[in-house]
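Open the model in your viewer and keep the selection tool ready. We will go stop by stop.

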Amino acid sequence: MSELVQAELISKELLLTYYKKVLELRLFELKVQELYRNGRLPGFVHLYVGEEAVAVGVCSHLGIEDLVFSTHRGHGHALAKGVPARIVLAELWGKATGSSGGRGGSMHLYAPEYGFMGTNGIVGAPIPLATGAALSAKLKKKSHVVVCFFGDGAVNSGSFHEAVNLGAVWNLPVVYVCENNLYATEMAFRRATKNTSVASRAAAYGMLGVEVDGQDVVAVHETAQAAIQRARQDGGPTLIECKTYRYVGHHEGDPGTDYRTREEVQQWKQRDAVKLARKRLLDAGVTEVELQAADQEVERLIDEAVEFAEKSPEPAADTVNEHVF
Amino acid sequence: MSEQCRVITYGDAGVEALREEMRRDDSIVYIGQGIGPRGGNFRQTRGLWKEFGDDRLRDTGICELGATGAAIGAAMAGTRTVVDEVFLDFALEAITQIVQQAANISYMSNGKIKAPVVIRGAMGSVRSAGAHHSHTFYNWFANTPGLKVVLPATPYDLKGLFKTALRDPGPVAVIEHKSLYNTKGVVPEEEYLIPFGEARTIREGKDLTIVAMSRMVDLATKAAARLAEEGVSAEVIDPRTIVPLDRHKITDSIKKTGRLVVIDESPSYCSFAGELIAIAAEDCFDELQVPPKRICSLGVPNPFSPVLENQMIPTVDRIVSEVHQVMKQSRRKH
């Protein structure tokens, strides 16, 4: 039996829920990749393949009124926050039934009805926004928290510095989650900055910084739990650095092999989030048959999302002027 | 003096608007530099911190990008905010948040998320402030779908428009003029709001239409008074908000007078003045008697020298002289 399950840090049921969510994020992105490569989806997409444990481990602690701000690589954050796959996919398809009625697309997915405050086309920009949303939460005194996801590419921007500083000095209920996947587009983090520990930067702002294995949903779950509880209890923000990796290129179309080696990619795949979660379940006594049933359940969900999005209508052309103000 | 004709400064009119709205709506939070105990670099928040405290008058360090983004994020989450850039020039530090996030959010979210944030800043040339503290780029804002743009020229307009901005669902840029803060005007004691998109006819006339915004309204009005003495009857119109724009009041006037002169403190190239002339060409082509005229700042960075600065921005003399040139042109033959 898994040590964590034994110690009742996490129930078998919860672990299974996590596994299914991680798998949902993975299969969703692989389906998007397939549709995109077949020319079915307009625009461009940045896939979250490899980083799923971060979104799932963090968002598992959030209620619908807690808010999430995300990035250009944000389909997984939306799904983990509870936005249905079908309306995310419909938005990627530019359909009227999408989360923004086709006005947003991959990098502008908004579903406030699920507490999802958007993916974002501008690296770093969500950090000030999330900080402000946390100010709003603090003033409303309802113990809601805000989570802001961003990549290592954002932490050398002025947005990061200015916003994290404000979050700390105002002691806001916000958790800053850096998904350090080692590359900002093609730029290796070690070439972009002298101090490659994102977590260590927290000290510069007088706040807590922690590092966690971003491939392991249970490890992320534990670290995020502590940070989110602290934020809820007016204990201020935390900077969490999740060490993770994207298996795919920066965007669909980038092979992702010009600036990193195939060996490096393969090495990270050894510690794959889906595999790790699956192994934990097997160790905890879940059977292969049970796991196959879980797999099929997730596959059905993705198939239904594709069917829904594909059959959905396009937005009416004469609505183009709506919702500007 | 009766209450009906109480006279206060432009700066105090802004403070009154804020005080009334912050009392009415306790969700309003004001963010900026030096806006707390100090009361604002231009005294534009004088006395408010004492009444509303640190929670609602939030002083920040020098971080326009972070503070503006935070004001927008708070607004997206349901807290109405004002972010004070102090000098409009400093909004450039935060322009990505204003243009990419605040202005786009309603559309990108299919109307599900609104950002009720007022972006406040003081613009314009004043006493050799130099190139870094004198910009007037309201035309950039006006070219950004999703942003409303307010340019109050008087204490009365500032108070009424600011109050409307503080009840608007979307981002509004309230752009004051630095050299207007100490100017005085009649502001009633009783509450009033001025709707966006309603131009004000300051002076009626029959020979030509002068459109001016912000500080240029004062210059246009003074020029019109002199022109009247010199036999030219000028109608002066202040749009007050350039997004939304009261297109009809302006075009009706142009159709009546057949001549248009626009006074704009921005450089003429790609200016709001250019937009008004395009509107005149589209809507009043048949009625225009002579080609419309822009009187704008010269296309140079703001000079420091008072002599050079005075040369750069429109003056009453220049307006009067150029209007006479317009009046000398022979009418079009139809």
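**Stop one: a strand residue in chain B**

Select residues 208-212 of chain B; this is strand S10, and Ile210(B) is found in it. Keep in mind that the model is predicted.

Is Ile210(B) buried or exposed? Count the C-beta neighbours inside 10 Å and you reach 32.

Now show what surrounds Ile210(B). Leave aside its neighbours within four places in sequence. The contacts are then Ala220(B), Ala224(B), Ala234(B), Glu235(B), Val236(B), Val261(B) and Ile263(B).

Ile210(B) and Val262(B) are 52 residues apart in sequence. In space, their C-alpha atoms are 5.6 Å apart.

**Stop two: helix H5 of chain A**

Move to chain A and select residues 85-92, which form helix H5. How many residues of H5(A) are buried? The count is 8 of 8, and H5(A) is mostly covered. Click through them: Ala85(A), Arg86(A), Ile87(A), Val88(A), Leu89(A), Ala90(A), Glu91(A) and Leu92(A) are buried.

Which helices do these buried residues pack against? Select helix H2 (12-37), helix H4 (75-80) and H12 of chain A.

Just after H5(A), pick Gly94(A). Its phi is positive, about 75 degrees.

**Stop three: where H5 meets H12**

The crossing is right-handed.

Colour the residues that make the contact. From H5(A), take Ala85(A), Arg86(A), Leu89(A) and Ala90(A). From H12(A), take Leu301(A), Ile302(A), Glu304(A), Ala305(A), Val306(A), Phe308(A) and Ala309(A). Sorted by class, the contact of H5(A) with H12(A) has 9 nonpolar residues, 2 charged and no polar ones.

**Stop four: where the chains touch**

Finally, show both chains together. Here 30 residues of chain A are in contact with 32 residues of chain B.

Stay on the chain A side and select helix H6 (126-140) and helix H7 (158-169). Each supplies at least two residues of the side that touches chain B. Which element gives the largest share of that side? H6(A) does, with 10 residues.

Colour this side of chain A by class to finish: 17 residues are nonpolar, 11 polar and 2 charged.

Notes: Residues are numbered from 1 along each chain as its sequence is written. Chains are lettered from A and ligands numbered from 1 in the order in which they are written. This is a predicted model: local features need pLDDT of at least 70, side-chain atom pairs count only at pLDDT 80 or more; totals for chains, interfaces and linings use all residues. Axes are lines fitted to C-alpha atoms, for helices over the stretch in contact, and angles run from 0 to 180 degrees between N-to-C directions. Helices (H or I, at least four residues) and strands (E, at least two) are DSSP runs, numbered from the N terminus. A crossing is left-handed if the near helix is turned anticlockwise from the far one by less than a right angle, and right-handed if clockwise. Two residues are in contact if their C-beta atoms, placed from the backbone, lie within 7 Å. Ala, Val, Leu, Ile, Met, Phe, Trp, Tyr, Cys and Pro count as nonpolar, Asp, Glu, Lys and Arg as charged, and the others, Gly among them, as polar. A residue is buried if 20 or more other C-beta atoms lie within 10 Å of its own, exposed if 12 or fewer, and partly exposed in between; C-beta atoms are placed from the backbone.
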